[in-house]
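Dear colleague,

Here is the structure for your files. My notes on what was found follow below.

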Amino acid sequence: MGQFTDEAAALHNLGVLAQRWGIALDDPFLVDLRHRALTSYDGDLFLNNLERLVASHPDRFDSPQVPYFHGRSFEALTALLSSSIFIPKLMQRHPEYIDIVLGRPRPYPRQHRYEQRDFLRLESEMEGMDESDFMQLLRGYRNQKMIEIALRELQGADSLEVLLGDISMLAEITLELAYRYGWKSLVALYGEPHYLDYHGKSFPASFAVIGLGKLGGTELNYSSDVDIIYLYDSCYQGTTTGGKRKPIETHQFFVNLSKLITRYLGNVTEDGFVFRVDLRLRPDGDTGEICLGLQSYENYYGTIGQTWERSMLIKARCVAGCDQLVTQFRTMVRPFVFRKYMDESSILAIRELKEKIDTKVRKNLHTNVKLGRGGIREIEFFLSIIQLLYGGKEPRLRHHSTLRCLDIFTELHYIERHEADELWQCYEFLRRVEHRIQMHDQRQSHTLPDDEASQVRIARQMGFERLADFLAELQRIMERVHQRFATLFHSDDTNHEDTPLAQEIFSGNYSREELVPMLAAFGFDNPRQAANNVYSILERSLKINTESRRLREISGTLLEKLVASSDADMALTHFERFYHAAAGRGGVLKLIYDVPQALDIFMPVFSGSPYLSALINRHPEMVDILVSQQESSHLPTRHELEERIVKLTSRAASDMELLLDQLRYFKITEFVRIAFMELSGIIDVSASTAALSQLADVIVDRLYHALYAEMVIRYGEPRTESEAPCPFAIVGLGKLGGCELNYSSDLDLIFLYQGAGQTTGGTHGTLRNNEFFIRLVQRLINGLSVATTHGVCYKVDARLRPNGNSGSLVTPLDGFISYHTNAQAMTWEKQMLLKARFICGDATLYATFQNYRDEHVLLGAFGASQFREIYDMRLRIEQEKGKTREGFHDYKAGRGGLIDIEFLCQCEQLHGARENPWLLEMTRTFEIIDALAALHVWEKADSDKIREHYHFFRSLENMLKIFQENTSSALAMNGAAHHALAARMGFGNNGGERFLKHYRTVTTETREFFEKYFVKLMGTS
């Protein structure tokens, strides 16, 4: 006799029952009840469940004399309440289930699913039901039958084969009901589905559900998924006819039917579910069509079917719908599954299948009765591998039942009778343990619970008085099973070293749930998401044996690089996307497989930059660029860039759409090259901004010349009234003009021409010069900003032209001069001309523009009042654009931000140009700071700080884009949010607070410099 784990709780349960029935604790019934609890499978569980059940249904348990507390009924109730928490909860909600203990549940008769009395009754009841009532009907029937089967097992009333068969029959009945209900619902809407044969003749289409795995083997357990695939009898054209709604394609009809069946069984309602539905064994797994025609299955298995799919199809059988259709299916796949002639590659594939299972179980100890060493899985694969090897020549081996297979193996002398008997005894023992684990709470578990009380309960259910005896027997049985499994292919398990964990993870032997603890052990912070990523990679790789093998070969290096990266979880997420993108490009993955060290190139990107990762994953062929970049530490010159872009776009001269795509592709490749160099520390932010600006120059220049040539053919060349060619120039302003583009900058452009006149020599008439150039610029802006298959090239901002949006898109030089001569230009418009830089077009025209700018707009036009105006404008920007929500600071427009330095440098440049006009030739802030420092405009210590702070701001701007794909300048003032960013900016691990401390120092000192030197500028006459 056992003891209560919690004596006080047991006494409390008995006291509650005594009070409810008005009897004393020493009443003979309660004394007997206590004794019954102590001799049950789990006394604590029994009393707790009974007390709750009585409280839920006081009318059924109004005294100790009710029939539930007598004879066989009390024994049945005790068995259920001391074995499960799931079954008592069902009884609490549905009191009719309690009456099960009053009867003697019987197994299903040996009849077909649609001949079963239960099926016929339920089919009649479902007529006219709405969907919710139908789903409730299925769940109520399922719950009742599961309680009956559990009771029969606990009472030892039936053999294991009968119990497994009954759970499988329950699945078949509910699947058949779901199929028929769904079919009638869809036919009422769309009519009967038909298909057309090769001759165009129409035939009614049929449908079937194929059971696989344990369902196919008629060996479902209490918490099994139902592994199924959906099939219809043709993939030829066809539609529905005769429904209320517009006809739909036959394929769509069956897709809808498949989704309905899946929902009817698998959706969780207040009554639970019927069975979890697993459709991942279909061709292409989760990404494949939910339902396929017979010919589609034939095409798939005949071309890319894998060895594991051969093993899976051994148990294929009809579980709902048209049996004849499944017979056709089995006939069709038979040559694929059971091969008469086994070549070397087929044997190798089967050997690998066996090794996968061996690898998988090696890390699982005896507590997992399914996947552990010597578990159920080894018995199942022992049988299926023999079937795969010899089933092609011996049809009798093609059976789906484990017990029947063992008998056949004995009859055909593949194993001895005593070996078959021993394997079946082992299988029966392990399956019964599995059932007791699962009937407790209906979880899909195969592992013995960790707590001793639960283990003791299972030991008692298995007929053992002592837990130690049960565990010893379990270990003995699993050792015997593994010894038998190890004899396949004469494997010497004792000399077999453990497979590295990395290879096991990528072996394809584990479910998502099983991968979670393995990846946690490897060091992933979010092992569940990591498991999803690995599983996604495996779903693709396992379709091709060679690729699966090569992936396992590099798995150690891959996981080592992932966990050593700055963010292993992010890196794996991006690698998973890259893998799928690159899978269709054999050369890309081949490079990774051949040179695993190439992963060193990817990891900084995948672990640090969502922005770059997205670019690479859209264009996986760029891996070559990154690899080749390792061999070069210099950025291309302007001449080298021009050669590259001409070479790439040379064939697109007459195809503008192709040219636009190629320009975008060129930009992406160079973006990746520049960003990777900055990410790797090869270049700093000063070099990267210059390189990004040079890249924009080259692209604008290439597109301009292509558009100009095309327009000249249509309208002729624009000429002045003196018949000279009309010059035209594109001028960059802002960050482009300052050679300071970042990874998300727009292009600030203005467009100049000189001379009235018109075009001559075109095929489509003439245009006035301003009309020609307006059309040219409109096409240029559209060509840069329109989205193509490779995205947007650049957004263009032309609002800095005279009169802004209300002004002409192109400006004649004399118009520009007039605008500034007549005092129409605002101070800020003159200030922004400091960044003006020639991009492309007529250099002579730009030189004329520049000379006028320097002499008449900038030199001598800025004094104390203008500097005061710029100072005030900076403060307005701070108030209007630098304001952020609480807890944030704008590193550009906020107090002490980047604009403080830019405005200060521009004003000092204007002031210093009075004596040093050459300062106006500079547009880059880095160069301007160095030049002003050389002129001793600022104190030496201040000069150094200003440069450092400007470098910090620009680095921060680029890092936020590269690492976080964040173009907002609002920075959270929370150190914990910036650990990753801090590490990438040199502040060490968990350096978020150090980074923010430095940021506050930078902004404080920057504002101090801004105030200190603007005071001097505003006092200047």
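Helix α24 (residues 568-583) has 16 residues and spans 22 Å from its first C-alpha to its last, close to the 22 Å expected at 1.5 Å a residue. The expected span is 1.5 Å times one less than the number of residues in the helix. Helices (H or I, at least four residues) and strands (E, at least two) are DSSP runs numbered from the N terminus.

This is a predicted model, in which local features need pLDDT of at least 70 and side-chain atom pairs count only at pLDDT 80 or more, while totals for chains, interfaces and linings use all residues. Residues are numbered from 1 along each chain as its sequence is written, and side-chain values use heavy atoms, with hydrogens and water left out.

Of the 16 residues of α24, 12 are buried, so the helix is largely enclosed by the rest of the structure. Buried means under 20% relative accessible area, exposed over 50%, and partly exposed in between (1.4 Å probe, protein chains only). Among the buried residues of α24 are Leu-572, His-574, Phe-575, Glu-576 and Tyr-579.

Strand β11 (residues 747-753) is mostly covered, with seven of its seven residues buried. In a regular strand the side chains alternate between the two faces of the sheet. In β11, Leu-747, Leu-749, Phe-751 and Tyr-753 are buried on one side, and Asp-748, Ile-750 and Leu-752 on the other.

Strands count as paired if DSSP finds at least two bridges between them. The partners of β11 are these:

- Strand β10 (residues 728-733) runs antiparallel to β11 and is joined to it by six bridges; Ala-729 stands opposite Leu-752.
- Strand β13 (residues 796-797) pairs with β11 in the parallel sense over two bridges; Asp-797 is the bridge partner of Asp-748.
- Strand β14 (residues 811-812) also pairs with β11 in the parallel sense over two bridges; Pro-812 stands opposite Tyr-753.

Rings of Phe, Tyr and Trp (its six-membered ring) pair if their centres lie within 6.5 Å; planes under 30 degrees apart count as stacked, over 60 as edge-to-face and the rest as tilted. The ring centres of Tyr-181 and Tyr-264 are 5.6 Å apart and the planes stand at 75°, so this pair is edge-to-face. Tyr-181 lies in helix α8 (residues 160-190) and Tyr-264 in helix α10 (residues 250-266), 83 residues apart, so the pair links distant parts of the chain. Both Tyr-181 and Tyr-264 are buried.

Regards
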